[in-house]
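Hello,

Here is the structure I promised to pass on. Have a look at it first, and my notes on what turned up follow below.

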Amino acid sequence: MTSLFAQEIRLSKRHEEIVSQRLMLLQQMKNKFGEQNKEKSSQIQAAETAFKRNLSLLKDIEAAEKSLQTRIHLPAPPELVSLETLYWASVEEYIPKWEQFLLGRAPYPIGVENQNEAENTIRNKAQQ
């Protein structure tokens, strides 16, 4: 009978140890789960913040693109158009002379006389 009583006491202590260990493991699991939830909510909050920031940046980029598009399509000032026209007229006038020079068939096309003549032509056209 003593041996059964001793065995009962031993089993009872072992049961208490197992229950105690189980409670400790459950508490560790609960703590770990709580930490994971905090980390996950922190990550979700960071992702939401990043999403809002990216959305704001995207809106800024679209606004800048729209602004640039409107600037591109603005008509050039009349002074610029006039200068551009005179430039291309001058280029068209001198193309044959330069072409012959570049092909090696004629001397350097713009001398002192030609340069003064070109400047006078440009001044005259600009005054008109």
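Let me start with the rings: searching the whole structure gives 2 aromatic pairs, where rings of Phe, Tyr and Trp (its six-membered ring) pair if their centres lie within 6.5 Å, and planes under 30 degrees apart count as stacked, over 60 as edge-to-face and the rest as tilted. Tyr87 and Trp88 have ring centres 5.0 Å apart and planes at 75°, so this pair is edge-to-face. Trp98 and Phe101 also form an edge-to-face pair, with 5.7 Å from centre to centre and 85° between the planes.

Before going further, please keep in mind that this is a predicted model, in which local features need pLDDT of at least 70 and side-chain atom pairs count only at pLDDT 80 or more, while totals for chains, interfaces and linings use all residues. Residues are numbered from 1 along each chain as its sequence is written, and side-chain values use heavy atoms, with hydrogens and water left out.

How open are these rings? Tyr87 is partly exposed at 49% relative accessibility, and Trp88 is partly exposed at 45%; here buried means under 20% relative accessible area, exposed over 50%, and partly exposed in between (1.4 Å probe, protein chains only). Trp98 has 27% and Phe101 has 28%. Trp98 and Phe101 both sit in helix α2 (residues 78-102), 3 residues apart, about one turn of the helix.

As for the fold, the protein has 3 helices and 0 strands, counted as DSSP runs numbered from the N terminus (helices: H or I, at least four residues; strands: E, at least two). Along the sequence the pattern reads α-α-α. Buried residues make up 3% of the 128 residues.

The whole structure holds 1 salt bridge, meaning a side-chain nitrogen of Lys or Arg within 4 Å of a carboxyl oxygen of Asp or Glu. Glu17 and Arg14 form it, their closest N and O atoms being 3.4 Å apart. They are 3 residues apart in helix α1, about one helical turn. Glu17 is partly exposed at 46%, as is Arg14 at 47%.

Finally, Val19, Leu23, Leu26 and Met29 make a nonpolar surface patch of about 370 Å². Patches take residues with over 30% relative accessible area and no salt bridge, joining like charges within 9 Å and nonpolar side chains (Val, Leu, Ile, Met, Phe, Trp, Tyr) within 5 Å. Leu26, in helix α1 (residues 2-72), is partly exposed at 38%.

Best wishes

Note on methods
Accessible areas come from the Shrake-Rupley method with a 1.4 Å probe; for residues, only the protein chains shown count as cover.
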